[in-house]
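Thanks for coming. I will take one structure today and go through a loop residue, some helices, a sheet and the aromatic rings.

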Amino acid sequence: MEPTNHEAWHALAFASMEMELPGLACHAITVAGRLAPHRLPYALMHRDLMAAVGGEFQVAIESPPWTPAVELACEAKIARQAGYLQEAIALAETALELQPNDVDILQLMASLRDANLEPEISEKLLRDAFQQRQNDVDIRNDLAVALGRQYKYGEAMILLENAVISPVKSPMILLNRAIIKASAGEISGSMADVQLASPYAPAELLALTECSLLPYQEGTTAEIMLAAMKRLASSTPEDRPPLTKINNFDPDRILRVGLLSHTLKRHPVGWLTCAGFEQLDREKFKLQCFGHYVEHDPFAVRFDRLAEKWHECAGKNLLEIGELIAENEVDILVDLSGIGDSGLLGALAYRPAPVQVKWVGTQAATTGMRRVDWIITDRWETPDGYERFYTERLLRLPDGYVCYSPPVSPPSVTPLPALDNGFVTFGCFNNLTKITDETLGLWGRILSRVQNARLVLRCPQFSEDMIPPRFRERAALYGIDVERLELRGRAAHHQFISGYQDVDIALDPVPYSGGLTTCESLFMGVPVITLAGEFFAARHSVSHLCNVGLSDCVTNSAEAYVDRAVSIASDLKALAILRAGLRQQVLESPLCDAPRFGRNLGNALRDVWREYCQSHGGA
């Protein structure tokens, strides 16, 4: 009916492959390419088909006359698949210069920039593509993901809410929407999307989404996390032969320690681990970094200075990263990334190092993996008896499990605001995802008992126009007078922690407690009231509070949580005295004692290496 319709020929090629008619498929995609030599998807399909089955035909099929831009874009795709990300970006940039605003090449370039951990560039490219194809659900999804990686969850959520997403055809996009909704504070809607996608989604992707969301849900226990993480781990290649070839079992030799993460930068990983690594004995430990290096980042610079070598891993898949670690003969590999977006924990499934350890970085619970040997912890995070919740062995440090690096030029600790204000100000500067309905219920009870008290919340999501109104509606459902609620958004770090100058008492969310935010609150003179849970992320604040001598701020029931917050708010004189001395108390505590922490960490790493040598030395 319409023999010059290149889209029809492209569709015929797909249909022919589904019907296992490769000859017809090759012919159809060749005709499509001759009719539209500027279309990158046609060129990629033609290349793949000819590579797979083209040699089976006696009559050679002449390649269509692709445009130079399409030829370059194909070369970019080949370079990306071969692991040459920077070369692929350069090729795609040239292709885009030759065919400006070409949607397919814009999408290709956006995917390359995304792989290079540059979501802000990816966003711009995808916006240009979206302007031309607003009904393309894949472009919507990619743009939403790029926005989410910059904490623009409100806009990302609207993009995907306005799309018709088939759970049969696009379960992955539904699961992406679930993560984005949760990050925008819409936990109930998030779980509805998971349920829609679950019959059709790949098991591994479904397990990853569930494990990412479970720590934020009311009622999640350590046993639930253990079961979920085991399901996720079952999809990893832990049964493959190990990559490591190390057979030097000298227990006292210099050890090569690998740090694995794309977040060796100004991130909780940097704030809570860098100082400890800096204090390791350089005569006993040699460090190597595996991850993305962020130029001009102060923590990236510090990690780079203490490492013998930094191995750039942006764009590499987990197997390639594992092979790189094995090639560099790492003895002890410390994962600082975890699961989820940009998580590299899966590389440990290939066993690239003899001893493998999990530490900070999406450290919400057990990894569930047989090849993760140890998890760094302490007696507060994992009290006696908690071993049953972990597939790893517990490497308990003598003090807390992290070492906080205070900012170099911090804001000052100010006098207690309540003394001038005439009312108490509670606060929470945690991620919006952590503020569950259960949390709001507890805060509503506290505000109802503390006359005229205010509540200040801060997170990047509150910078978006559509999120604060929705959040206020949620808060009102749990008895929070929105006139007593102040929402603050994105801020530079100095301004962010300066906000604690306006807060008298910090309230920890439930069940996922604060980590770095708790350390920063204490450093700014603001005590934190926490409700201890079971799994790792539900006990972060327990560890930090006990480590600085504020165990009386740890509670074990909802009633005790509310009562403790009301009690501490009723004695402003004692609270003012605590505030005035809390920063010094934190600085003098093990939480900030880097030399002490470094010794403890070094001893722990040496102990696990010696144990490994004893068990494998005869092999």
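Gln217 sits in the loop between helix H12 (203–213) and helix H13 (222–233). Before going further, the ground rules. This is a predicted model, in which local features need pLDDT of at least 70 and side-chain atom pairs count only at pLDDT 80 or more, while totals for chains, interfaces and linings use all residues. Residues are numbered from 1 along each chain as its sequence is written, and side-chain values use heavy atoms, with hydrogens and water left out. Helices (H or I, at least four residues) and strands (E, at least two) are DSSP runs, numbered from the N terminus.

Is Gln217 buried or exposed? Its relative accessibility is 16%, so Gln217 counts as buried; the cut-offs are under 20% relative accessible area for buried, over 50% for exposed and partly exposed in between, with a 1.4 Å probe and protein chains only. Leaving aside neighbours within four places in sequence, Gln217 is in contact with Met191 and Pro511, where contact means heavy atoms within 4.5 Å.

H6 has 13 residues and spans 18 Å from its first C-alpha to its last, close to the 18 Å expected at 1.5 Å a residue. The expected span is 1.5 Å times one less than the number of residues. In H6, 10 of the 13 residues are buried, so the helix is largely enclosed by the rest of the structure. Among the buried residues are Asp104 and Arg113. The cover over the buried residues of H6 includes helix H3 (40–53), helix H4 (68–81), H5, H7 and H8.

H7 (residues 119–132) has 14 residues and reaches 20 Å, close to the 20 Å expected. Its buried residues are Pro119, Ser122, Glu123, Leu125, Leu126, Ala129 and Phe130. As a reminder, an α-helix has 3.6 residues a turn, so residues three or four places apart point the same way. The buried residues of H7 pack against helix H5 (85–98), helix H6 (103–115), helix H8 (137–148) and helix H9 (153–161).

Now the sheet. It is open, with 7 strands in the order E3-E2-E1-E4-E5-E6-E7 and parallel pairing; two strands pair if DSSP finds at least two bridges between them. E3 (307–312) and E7 (393–396) are the edge strands, each with a single partner, so one side of each has no neighbour in the sheet. Neighbouring strands are turned by 25° against each other on average, direction ignored; axes are lines fitted to C-alpha atoms, for helices over the stretch in contact, and angles run from 0 to 180 degrees between N-to-C directions.

Strand E1 (residues 255–260) pairs with E4 (residues 332–335) over 4 bridges, in the parallel sense, and Leu260 stands opposite Asp335. Which residues of E6 (residues 374–377) are buried on its two faces? Trp374 and Ile376 are buried on one side, Ile375 and Thr377 on the other. E5 (residues 355–358) and E6 are joined by 2 bridges, E6 and E7 by 4.

Last, the rings. The whole structure holds 16 aromatic pairs. Rings of Phe, Tyr and Trp (its six-membered ring) pair if their centres lie within 6.5 Å; planes under 30 degrees apart are stacked, over 60 edge-to-face and the rest tilted. Tyr151 and Tyr153 have ring centres 5.7 Å apart and planes at 75°, so this pair is edge-to-face. Tyr151 is partly exposed at 33%, whereas Tyr153 is buried at 13%.
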